[in-house]
Amino acid sequence: MPIIALSSTEKNKPLLILNGYNYTVDKSTDKKIYWRCEHSRSMTCKGRVHTNLNYSAIINDPSEHNHPPSVVNSEVRVFQDKIRSRAINTTDSARQVIDHC
């Protein structure tokens, strides 16, 4: 069963985390969203995946990557997203935000 999470980039764009790989939106249509591996430029990775518009279903199987997955990197991304969101939406101190997340 695939491990799927949705996060956001530093520029507040959607980030799909699937089985240790991070994907950013490449393009979207009225029926589905096309995602590409975040290393598509730096490592010329050809990893791609398609989802429906509400990110709940994978329409096609992910394509092959030319690098190993990084589950730790994915967990760090989710943690950073939680910290960023809590820092923006609350008046807690930095220490309280980190302790809570």
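Is R86 buried, partly exposed or exposed? R86 is partly exposed, its relative accessible area being 23%, where buried means under 20%, exposed over 50% and partly exposed in between (1.4 Å probe, protein chains only).

## Basis of the model

This is a predicted model in which local features need pLDDT of at least 70 and side-chain atom pairs count only at pLDDT 80 or more, while totals for chains, interfaces and linings use all residues. Residues are numbered from 1 along each chain as its sequence is written, and side-chain values use heavy atoms, with hydrogens and water left out.

## Salt bridges

Three salt bridges are counted, each defined as a side-chain nitrogen of Lys or Arg within 4 Å of a carboxyl oxygen of Asp or Glu. One of them joins the side chains of D92 and R86, with an N to O distance of 2.8 Å; D92 is partly exposed at 29% relative accessibility.

## The network around D26

D26, R36 and R48 are linked in a network of salt bridges. Strands here are DSSP runs (E, at least two residues), numbered from the N terminus.

D26 also forms a salt bridge with R48, the closest N and O atoms being 3.7 Å apart; R48 lies in strand β5 (residues 48–52), so this pair ties together parts that are 22 residues apart in sequence. D26 is partly exposed at 34%, as are R36 at 22% and R48 at 32% relative accessibility.

Definitions and conventions: Helix = DSSP H or I, 4+ residues; strand = E, 2+ residues; numbered from the N terminus.
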